[in-house]
Amino acid sequence: MSAFKSDFLRTLSERGFIHQISDETGLDDLFAKETVTAYIGFDPTAPSLHAGGLIQIMMLYWLQQTGHRPVALMGGGTGMVGDPSFKDEARKLMTPETIRQNIEGIRKVFANYLTFGDGPKDAVMVNNAEWLLPLNYLEFLRDVGRHFSVNRMLSFDSVKLRLDRDQSLSFLEFNYMILQAYDFVELNRRYGVRLQMGGSDQWGNIVNGIDLGHRMGTPQLYALTSPLLTTASGAKMGKSLSGAVWLNADMLSAYDFWQYWRNTEDADVERFLKLYTTLPLDEIARLAALEGSEINEAKKVLATEVTAMLHGRDAAERAAETARKTFEEGALAESLPTVTIDKTAIETGTGLLSLMVTAGLAASNGEARRHVQGGAVRINDQPVSDERRVIGSDDMTAEGVIKLSLGKKKHILIRPE
């Protein structure tokens with residue numbers, strides 16, 4: 001590990017964010033002597049980013065904390081093409097309206113991590129549709145396209161992977177790396193951006209931008225990538241058994257988000273504390289040294305700190321308290337996820353299996369039956385072994401709800417109304 005002079009690169013290095021840098025010495029010198037503007041691009045493929053994108057957001061966070069200016073680039077223009085990098089098949093094309101709505105949803109998350117404004121270190125959010133949509137195709141081919149070698153583009157792993165697959169790489173997608181490279185140049189012209197950051201799968205695209213900048217007369221541009229993260233068991237970051245771990249509260253509750261981090265594998269605790277929290281490194285070392293069942297305390301700290309950054313300290317503390325009551329006291333916490341159903345369904349009686357499907361604890365009656373047969377299902381904390389069990393008014397607690405549990409960590413309150 002290099003001994004960086006600049007606070008930003010030293011922080012990123014110590015916390016495990018750095019995979020590759022195009023010119024370590026040059027970039028370190030730049031950060032040490034001036035306020036640097038750097039960007040990361042985000043594709044608006046959904047109304048929210050998921051936990052897999054948090055590492056990029058944290059890089060922008062540390063950029064601003066160490067005195068520099070972050071630019072969050074929304075791919076409103078490139079989103080109409082879709083990034084083919086390391087994808088097995090083409091992405092579904094989105095309408096401009098869908099892209100606009102997705103960008104609005106994503107924008108909400110960034111305000112929790114970055115300070116936006118007009119000051120020299122205030123973050124900026126921009127949309128590449130601003131300069132990509134008005135482009136004249138022939139002028140673009142002549143001024144930008146002429147700098148690209150198809151031979152070189154075909155040599156990138158991200159492209160070669162698709163050329164070897166059944167799903168052919170469309171000309172539309174082939175243009176993506178040219179557009180991304182052009183973004184880098186345009187951001188330099190408009191905002192003085194000198195550095196593009198991203199996941200290690202973006203290395204080829206970013207280096208293309210540096211090369212294009214060189215040919216089109218920008219100052220020296222730089223690349224910095226972070227490692228592509230998987231959990232210790234090889235699972236992709238940001239994915240859980242029940243689907244994507246969304247960052248927007250209306251798509252995943254603060255409690256469920258907290259639970260995702262609480263369930264971190266032992267081997268990942270130290271790495272995730274460094275990447276996803278702002279705790280000092282000596283405190284992280286203390287937590288990482290905990291052994292046996294005490295490691296669970298470190299996981300709770302991780303879950304609470306990550307949740308506090310995204311959803312606020314109050315929501316994080318409430319989630320931690322709900323979990324404590326649910327798991328340690330077996331109590332009925334009001335803030336558990338709640339599913340409302342028609343009260344006549346309970347008054348007349350409804351089957352356990354279909355209720356589990358309604359509550360989202362199983363995808364089908366067959367899956368629910370297997371959970372019951374495996375002894376994983378409880379009603380109001382009491383185990384259930386009869387798959388034909390009917391849930392009725394007698395099962396309602398004093399609080400007017402029915403607590404349905406799958407395993408130790410999934411609990412839903414059924415509220416008849």
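## Ground rules

The model is predicted, so local features need pLDDT of at least 70 and side-chain atom pairs count only at pLDDT 80 or more, while totals for chains, interfaces and linings use all residues. Residues are numbered from 1 along each chain as its sequence is written, and side-chain values use heavy atoms, with hydrogens and water left out.

## Overall make-up

The protein has 19 helices and 15 strands. Both are DSSP runs, numbered from the N terminus: helices are H or I with at least four residues, strands are E with at least two. The C-alpha atoms fill a box of roughly 75 × 50 × 40 Å, taken along the principal axes.

Of the 417 residues, 49% count as buried. Buried means under 20% relative accessible area, exposed means over 50%, and partly exposed lies in between (1.4 Å probe, protein chains only).

Two strands pair if DSSP finds at least two bridges between them.

β1 runs antiparallel to β6 (residues 222-226), with 2 bridges. Here I21 stands opposite L224 of β6. Touching, or contact, means heavy atoms within 4.5 Å.

## Two nonpolar cores

A nonpolar core is a set of buried Ala, Val, Leu, Ile, Met, Phe, Trp, Tyr and Cys residues joined through side-chain atoms within 4.5 Å. The largest one holds 72 residues; F110, W261 and Y276 touch the most other members. Helix α3 (residues 54-65) gives this core its largest share, 9 residues.

Which residues does Y276 contact, leaving aside neighbours within four places in sequence? They are L54, I55, M58, L229, M237, W261, V306 and M309. A second, separate core has 31 residues, including M153 and Y182.

Helix α10 covers residues 176-191. Of its 16 residues, 13 are buried, so the helix is largely enclosed by the rest of the structure. G192 follows α10 and has a positive phi, near 75°.

E305 lies in helix α15 (residues 295-311). Is E305 buried or exposed? It counts as buried, because its relative accessibility is 16%. Not counting residues up to four places away in sequence, E305 touches T277, L279 and R313.

Terms used: The expected span of a helix is 1.5 Å times one less than its number of residues.
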